[in-house]
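Keep the viewer open as you read.

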Amino acid sequence: MDKQQIESELNFRTARSSGSGGQHVNKVETKVELLFDVDASTGLSETEKKRIRSLLKKRINKDGQLRVVVQEKRSQHRNKELAITRFFELLKTALKKQKVRRYKPIRADREKRLKSKKRHSEKKAMRRKVDW
């Protein structure tokens with residue numbers, strides 16, 4: 001992941017933000033929407049793109065753009081900075097490798113879990129009303 005290359009590929013849109021601020025909110029476009037085209041990026045490898053598309057698919061729109069929206073601050077500049085930091089945190093977590101499970105649970109553990117589930121269900125069944 002080439003952070004500087006990715007940063008140059010970011011696109012921003014602004015809009016009027018909702019929330020506190022009074023008349024200021026009605027005049028100034030402080031809401032920032034960060035858009036990043038995952039497929040067209042030259043800062044990511046193909047495997048990284050594939051991983052991002054699969055793990056962040058709910059944040060990617062139909063045009064293939066990853067979207068981050070920030071409207072918390074009253075300053076457009078501050079919202080833009082927040083959007084960039086959140087974007088890179090998203091990429092960092094998506095590209096982080098998951099630890100591989102190295103062992104299979106033993107049969108005794110499975111039986112113990114099923115026994116406790118059975119005991120719990122029987123306890124609940126004893127509390128039900130009796131049909132006469």
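This is a predicted model: local features need pLDDT of at least 70, side-chain atom pairs count only at pLDDT 80 or more; totals for chains, interfaces and linings use all residues.

The buried residues of α4 are Asn79, Leu82, Ala83, Ile84, Phe87, Phe88, Leu90, Leu91, Ala94 and Leu95. If you like to see a pattern in such a list, recall that an α-helix has 3.6 residues a turn, so residues three or four places apart point the same way.

How does the span of α4 agree with its 20 residues? At 1.5 Å a residue, α4 should span 28 Å, and its end C-alpha atoms lie 29 Å apart, which agrees. At the start of this helix, a side-chain oxygen of serine 75 comes to within 3.3 Å of the backbone nitrogen of histidine 77.

Now turn to the sheet. Its 3 strands form an open sheet in the order β1-β2-β3, and their pairing is antiparallel. Because β1 (11–15) and β3 (65–70) stand at the edges with a single partner strand each, one side of each is left without a neighbour in the sheet. From one strand to the next, the twist averages 20 degrees. Helix α4 (residues 76–95) packs on this sheet, where it touches β1, β2 and β3, and the direction of α4 makes about 135 degrees with that of β3.

The strand pairs can be followed bridge by bridge. Strands of a sheet pair through backbone hydrogen bonds, either parallel or antiparallel. Here β1 and β2 run antiparallel and are joined by 5 bridges; threonine 14 stands opposite valine 32 in β2. Two places to look are glutamate 33, which stands opposite valine 69 in β3, and leucine 35, whose bridge partner in β3 is arginine 67. Strand β2 is largely enclosed by the rest of the structure, because 5 of its 7 residues are buried.

Let's step back to the whole chain. There are 5 helices and 3 strands, and reading along the sequence gives the pattern α-β-α-β-α-β-α-α. Is the chain compact or spread out? Its radius of gyration is 25 Å, well over the 14 Å that the globule rule gives for 132 residues, so the chain is more spread out than a compact globule. Taken along the principal axes, the C-alpha atoms fill a box of roughly 70 × 45 × 25 Å. Of the 132 residues in the chain, 27% are buried. Among contacts between residues at least 6 apart in sequence, 59% join residues at least 24 apart.

For a last stop, find glutamate 122 in helix α5 (residues 107–126). Glutamate 122 has a relative accessible area of 43%. That value falls between the 20% limit for buried and the 50% limit for exposed, so glutamate 122 counts as partly exposed. How far is glutamate 122 from lysine 57 in sequence and in space? The two are 65 residues apart in sequence, and their C-alpha atoms are 42 Å apart in space.

Definitions and conventions: Residues are numbered from 1 along each chain as its sequence is written. Side-chain values use heavy atoms; hydrogens and water are left out. Two strands pair if DSSP finds at least two bridges between them. Helices (H or I, at least four residues) and strands (E, at least two) are DSSP runs, numbered from the N terminus. Axes are lines fitted to C-alpha atoms, for helices over the stretch in contact, and angles run from 0 to 180 degrees between N-to-C directions. Contact means heavy atoms within 4.5 Å. The expected span of a helix is 1.5 Å times one less than its number of residues. Buried means under 20% relative accessible area, exposed over 50%, partly exposed in between (1.4 Å probe, protein chains only). A polar contact is a pair of N or O atoms within 3.5 Å; within protein, one must be able to donate a hydrogen and the other to accept it, and residues adjacent in sequence count only if both atoms are side-chain atoms. The radius of gyration is taken over C-alpha atoms; the globule rule is 2.2 Å times the number of residues to the power 0.38.
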